[in-house]
Amino acid sequence: MAKITRLSGCSDWIDLEFVERERTPPRLMKLGIRLHLAGLSLSNTVSELEKSGVQRSRKAVHDWVQKAGLQPTDGENPNQIAVDETVIRIDDEQYWLYAAVDPATNHLLHVRLFSTYTTALTQIFLRELREKHDVEGSLFLVDGASHLQTALDRAGLRFQYERHGNRNSAERVFREIKRRTSSFSNCFSHVEPATAETWLQAFAVWHNSTN
């Protein structure tokens with residue numbers, strides 16, 4: 001279980017516009033979303049809510065996260081961007097999580113989940129990143145993956161090969177995601193890839209709120 005210090009903080013970044021007839025008080029819904037994204041399993045999140053006199057199912061908490069539609073804030077103008085991908089398992093299948101991180105703030109700028117990794121998919125990721133943020137003058141930090149370098153070159157974006165340094169910011173974020181999704185089994189089991197991607201995007205918003 002994550003340390004209590006990792007679970008503290010405000011919930012102002014959670015928008016409850018999706019709520020229609022939810023019987024749970026908004027502050028406890030926000031608490032449940034935050035606790036789950038911060039490190040508690042669905043079961044442990046339910047247990048914490050019970051301490052406040054609210055009894056909800058694991059599915060209810062899961063649905064809150066999914067329906068909240070959390071996305072990293074647009075409009076950033078980073079000097080550098082670390083781009084990388086890592087493998088995420090959904091049941092017995094492998095998927096590739098693409099992420100762009102601002103090393104100066106450690107913020108996740110954009111995350112996407114794909115069934116494989118190719119130059120074409122990388123171009124889609126970069127196009128979406130450009131739509132969200134001002135990255136025309138940014139220097140992209142990448143490893144030796146040819147599909148990353150080729151996609152950046154085709155997009156006319158500046159990039160630099162870097163094994164360590166500021167590119168490590170992406171690897172640190174990936175380690176946290178790996179820790180988070182492997183710490184219990186009910187996060188990416190028996191779900192569709194789109195559901196996992198929604199959770200990862202919500203995690204990105206929580207991650208950015210703590211940095």
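Student: Which residue does Arg112 form a salt bridge with?
Tutor: Arg112 pairs with Glu128, and their closest N and O atoms are 2.8 Å apart. A salt bridge here is a side-chain nitrogen of Lys or Arg within 4 Å of a carboxyl oxygen of Asp or Glu.

Student: Where do Arg112 and Glu128 sit in the chain?
Tutor: Arg112 is in strand β3 (residues 107-114) and Glu128 is in helix α5 (residues 119-132), 16 residues apart. Helices (H or I, at least four residues) and strands (E, at least two) are DSSP runs, numbered from the N terminus.

Student: Are Arg112 and Glu128 buried or exposed?
Tutor: Both are buried. Buried means under 20% relative accessible area, exposed over 50%, and partly exposed in between (1.4 Å probe, protein chains only).

Student: What kind of model is this?
Tutor: It is a predicted model: local features need pLDDT of at least 70, side-chain atom pairs count only at pLDDT 80 or more, and totals for chains, interfaces and linings use all residues. Residues are numbered from 1 along each chain as its sequence is written, and side-chain values use heavy atoms, with hydrogens and water left out.

Student: How many salt bridges are in the whole structure?
Tutor: The search finds six. One of them joins Lys59 and Asp63, with 2.7 Å between the closest N and O atoms.

Student: How far apart are Lys59 and Asp63 along helix α4?
Tutor: Four residues, so about one helical turn separates them in helix α4 (residues 58-68). Lys59 is exposed, at 54% relative accessibility.

Student: What about Arg130 and Glu136?
Tutor: Their side chains meet in a salt bridge, 2.7 Å from N to O. Arg130 is partly exposed at 29%, and Glu136 is partly exposed at 45%.
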